[in-house]
Amino acid sequence: MRSLLSADLYRLVRSKSLYMGTLCLVLMEVWLMKNSTVQGMEYQNFFSFTMFLPFAAAAFCGLFIGADFSYKTIRNKLICGHTKGQIYLSHALVTVLATVCFCAAPMGAGALYGMIDGRMFTLSNEALLGYILCSLASSIAAGALAVLVAALFPNRSVGILVSLLAAFVLFCGSQIINNSLSQPETVPQFTQQTLGDNVTIYAADPNLPEVPNPDYPTGIKRAALELLWDFLPACQATQLSTVTVESFGPLLLFSVLFFALVTFIGVALFCQKDIK
């Protein structure tokens, strides 16, 4: 296992996809902060890079792991006596390092840009540390999913496409969940009003009591949505980018659980895969 991991680390430090992904995230971070004028550096899109990190992880894993399939390196590793489980875990550990780079580089660049521009954080030190740790944990969890997808598709192009598609679907799903959980419990009643030139509009009537919102999720549905909101890396990224995390403990715990669960499933599926 040590020699296997050493070989993958050797490839990692020479991987162009690692440096290209890091550079893209750094440039994205600086551009987002430059176009923000809100007070408080954390509200100036400082953590918005977390929304794009799953896409960077998907592209990296598709290229890095896909190269093992394309050049038949995995078959050579098996011939040398390494198990499929060891190969998968080595890819997972290397991806952890890559996603940490993807996370740390834009945060460092954003902090440096903010200091040069005279910007300051308004969060407490404890809250800022919580956001940083949750960003790292969420990026590692997103990387675990990218490893799973890339390991199941031997064709590098297909692997990258499926990984990016999965990241996009989860991103869209996070926005749907966010919109659903953001619905108010009650809504005002609207009445018809006629303006000049026979223009009819519907406006909220403050004299009428509010009525229950049919789009407000309740019961089991709300509990399931709240679980997904804290469990999925894409949903965590939405909370981090908008600086709306209510509690850091559950996000860190769910990131660890997500990484462990996805890695376990990935090892099980990869061990059943026929490597040609």
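Modeller: Quick ground rule before we start: helices (H or I, at least four residues) and strands (E, at least two) are DSSP runs, numbered from the N terminus. This is a predicted model, where local features need pLDDT of at least 70 and side-chain atom pairs count only at pLDDT 80 or more, while totals for chains, interfaces and linings use all residues. Residues are numbered from 1 along each chain as its sequence is written, and side-chain values use heavy atoms, with hydrogens and water left out.

Colleague: Fine. What pattern does the protein chain follow along the sequence?

Modeller: The protein chain has 10 helices and four strands. Its C-alpha atoms fill a box of roughly 80 × 45 × 40 Å along the principal axes. Read along the sequence, the pattern is α-α-α-α-α-α-α-β-β-β-β-α-α-α.

Colleague: And what share of the residues is buried?

Modeller: Buried here means under 20% relative accessible area, with exposed over 50% and partly exposed in between (1.4 Å probe, protein chains only). For the 276 residues of the protein chain, the buried share is 43%.

Colleague: Of the contacts between residues at least 6 apart in sequence, what percentage joins residues at least 24 apart?

Modeller: A contact is heavy atoms within 4.5 Å. Counting those between residues at least 6 apart, the share joining residues at least 24 apart is 78%.

Colleague: Let's look at H3 and H5. By class, what residues does their contact have?

Modeller: The axes of H3 (residues 53-70) and H5 (residues 84-116) come within 10 Å and cross at roughly 145°; such axes are lines fitted to C-alpha atoms, for helices over the stretch in contact, and angles run from 0 to 180 degrees between N-to-C directions. H3 brings residues including Phe60, Cys61 and Asp68, while H5 brings His91, Thr95 and Phe102, among others. With Ala, Val, Leu, Ile, Met, Phe, Trp, Tyr, Cys and Pro counted as nonpolar, Asp, Glu, Lys and Arg as charged, and the others, Gly among them, as polar, the contact of H3 with H5 has 11 nonpolar, three polar and one charged residues.

Colleague: You mentioned Thr95. Which backbone oxygen does its side chain reach?

Modeller: Thr95 is in helix H5 and counts as buried at 2% relative accessibility. Leaving aside neighbours within four places in sequence, Thr95 is in contact with Phe60, Cys61, Gly143 and Val147. At 2.7 Å, the Thr95 side chain reaches the backbone oxygen of His91.

Colleague: Which side chain does the side chain of Ser17 make a polar contact with?

Modeller: Ser17 is in helix H2 (residues 16-34), and at 17% relative accessibility it counts as buried. Not counting residues up to four places away in sequence, Ser17 touches Phe60, Leu63 and Phe102. A polar contact is a pair of N or O atoms within 3.5 Å; within protein, one must be able to donate a hydrogen and the other to accept it, and residues adjacent in sequence count only if both atoms are side-chain atoms. At 2.7 Å, the partner side chain is Ser15.

Colleague: On to H6 and H10: how many nonpolar residues does their contact have?

Modeller: H6 (residues 125-152) and H10 (residues 248-271) pack at about 15° with axes 9 Å apart. That makes H6 roughly parallel to H10 (angles under 35 degrees count as roughly parallel, over 145 as roughly antiparallel, 65 to 115 as roughly perpendicular and the rest as oblique). The crossing is left-handed. Next to five polar and no charged residues, the nonpolar count is 20.

Colleague: H9 and H10: is that crossing left-handed or right-handed?

Modeller: The axes of H9 (residues 233-241) and H10 come within 11 Å and cross at roughly 155°. That makes H9 roughly antiparallel to H10. By class, their contact has four nonpolar, three polar and no charged residues. The crossing of H9 and H10 is left-handed.

Colleague: What is phi of Val243 near?

Modeller: Val243 is in the loop between H9 and H10. With a relative accessible area of 11%, Val243 is buried. Its phi is positive in a residue other than glycine, near 55°.

Colleague: Last one: how many Å separate the C-alpha atoms of Pro188 and Gly266?

Modeller: Pro188 is in the loop between strand S1 (186-187) and strand S2 (190-195). Pro188 is partly exposed, with a relative accessible area of 30%. Pro188 and Gly266 are 78 residues apart along the chain, and their C-alpha atoms are separated by 49 Å.

Conventions. Left-handed = near helix turned anticlockwise from the far one by under 90°.
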